[in-house]
Amino acid sequence: MRLLRRLAHRPTIIAGIVIVLAFTLVAIFAPLLEPYPTDRPSGEPFEPPSSAHWLGTDDVGVDMLSLTIAGTQNSMLVGFAAAFVAILVGGTVGIIAGYRGGWSETGVVGVTDFFLVIPGLPLMIVLAAIFGQSIYHIVVVIGLLSWMSVSYVVRAQVHTLKVRGFVARSRSLGASDSYIIRRHILPHVAPLLVAQTVLAVAIAVFFEAALAFVGLGDLERISWGTILQQAFQHTAVSAGAWWAIVPPGVCIALVVLGCFLVGQGVEEAMNPRLGHAHVAPRSFARRSTWVEEER
Amino acid sequence: MIAFLAISFSFVLFRALPGDAVTNISRVPNMPPEAREAIRAEFGLDKPLSTQYVLYLKELVQGNLGLSFQTRQPVLGEVLERVRNTIPMVGVGAVVAILVGTLIGVSAAYRQGTVRDRAITGTAMVLYALPVQWLAILLLVAFAGVLPTSGMSDPYLVDPSFWTVLLDRLRHMVLPSAVVTLVIFGSFALVVRSSQLEALGEDHVLTARAKGYGNRRVIWRESFRSALLPLVTLSTLTLGWVIAGGILVETVFSWPGVGLATVQAVGGRDYPMLQGIFLFITLSVVAFNFLGDVLHAVLDPRVVE
């Protein structure tokens, strides 16, 4: 609760939450919001924005606004689902490794380091090519390649929690490991998990668009990535139809930015030191310039 | 050690791919099974996996990455040629991003909390959040006609001198390199800013202030020296990433580098090529990480102990 109150004082976090929430709502109510069908043309090819088509039309005359809204649904779905996979794997691995220590920790650190070295996007491309082009495969591939940072952060946090007094106390009272993890460890890493989830959503949305752009997206579903890819493949560039290119990119950028703001804000609120570290140098910098001007 | 793991990992990974070269070539109708087996034997695909693995390791040591299914040329040569195309384009972009990002990050930290700082942080975050391919397409639309937007050189140059070729290359490089710079500059500005802020609060910086050193010396020689470590780490990570990171940029600008080769190899089911690229990228990331560790140890001797 105290954390929530501290969060409420930060305008950037509020902005981030509003952005993410707005896109989530659009994703949930997408079918109700689309003004035109997305499976057949409702105007001329590459119609510029007008009162009938607010964002114009694409290369076959499908309404861009409807496409963007439909894309929101699948992009956000991929984002949240992949983030869920990443958090589930990373969180479990991180908590167990941090709590148990010993060889399980050594093993986890090794595996994490190994995965961190493997370049993400090329591996995702290869894996997506192996599994085939389905939205579920994309979710799994992105999720399984972005859990490392979660486990890294969670493990470090659990490490410091493990040696705290309340954990030692409940252990001496005979509490089991699973009880300690549930009652003492999880509540303390929960805000961290929230921050990491939000960041993972951003990363997943980003990678979905990248995979779709190299032609590995789900061909059956419209997402921001596939809209961009279609626009690029189907002469939107040479037709100068910027309205077919701009909307999905703006959406991706907004969601990623919103997620960053929220994730960063939660981390800062949890670690207030981050917000204060600069106080001294700032006054120093100011004063010394002032002294120089005096001379 | 990690390099060996990566090599083995890529072997397993690429054996798991569905279909092999033969399924692709043997799409020819009415192909007799003997011919199919002959091709299979030619590529060594008829041997058991363990033999293939040993052979793979042995050949790899000798620098043999096999033949590309698409061009039937040695993979190593193909990959190296693509790398040669990628490095100048992405390298220039990355170096500019590191330099500009550092300068801007330091100046934002110095003026922490002011309008300028907020403007810099805001811009950096927005650039950081932009989808790479989207930014590239927008630049493509904006500069179509002004600058070349596709490929690496002009095929219609007649009997060009060295300087025209160089100029032509540079003109082709402007847009893709600019995208690379814009995309990674944000993270450098943000990281340098925050590490510089932290360093400005350290005791030795305070001491330097107390001694009456000027601003320039305090910022660059005292504070930036401490803030250098995260910058070095990020730089080596980025440079390792750089070789792979051109994938989206190269796709948009049809730049014949490693990234475009990856996409083409996926499309053409060219597994030896894909494997070669993947190995090369992984090893370069490992190499740059190692370089980062070494530099870290040089800059901060405490790390070694």
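Begin by selecting chain B and looking at its contacts: in this predicted model, among the contacts in chain B with a separation of 6 or more, 73% are between residues 24 or more positions apart. Colour chain B by secondary structure next, and you will find 13 helices and zero strands, so that the pattern read along the sequence is α-α-α-α-α-α-α-α-α-α-α-α-α. Of the 305 residues in chain B, 40% are buried.

Where pLDDT is low, the predicted coordinates should not be read in detail. For the model, the scores are ipTM 0.80 and pTM 0.81.

Now turn to the largest nonpolar core, which has 161 residues, and select Met124(A), Val256(A) and Ala136(B), the residues with the most contacts inside this core. Then select helix H10 of chain A, residues 177-213, which supplies the largest share of this core with 20 residues.

Keep Met124(A) on screen and show what surrounds this residue: leaving aside neighbours within four places in sequence, Met124(A) is in contact with Val141(A), Ile142(A), Leu145(A), Phe207(A) and Leu211(A).

From there, move to helix H7 of chain A, residues 135-144, where the buried residues are Ile138(A), Val139(A), Val141(A), Ile142(A) and Gly143(A). Which helices do the buried residues of H7(A) pack against? Select helix H4 (64-100), helix H6 (120-131) and H10, which belong to chain A, and you will have the partners of those buried residues in view.

Key
Residues are numbered from 1 along each chain as its sequence is written. Chains are lettered from A and ligands numbered from 1 in the order in which they are written. This is a predicted model: local features need pLDDT of at least 70, side-chain atom pairs count only at pLDDT 80 or more; totals for chains, interfaces and linings use all residues. Helices (H or I, at least four residues) and strands (E, at least two) are DSSP runs, numbered from the N terminus. A residue is buried if 20 or more other C-beta atoms lie within 10 Å of its own, exposed if 12 or fewer, and partly exposed in between; C-beta atoms are placed from the backbone. Two residues are in contact if their C-beta atoms, placed from the backbone, lie within 7 Å. A nonpolar core is a set of buried Ala, Val, Leu, Ile, Met, Phe, Trp, Tyr and Cys residues joined through C-beta atoms within 7 Å.
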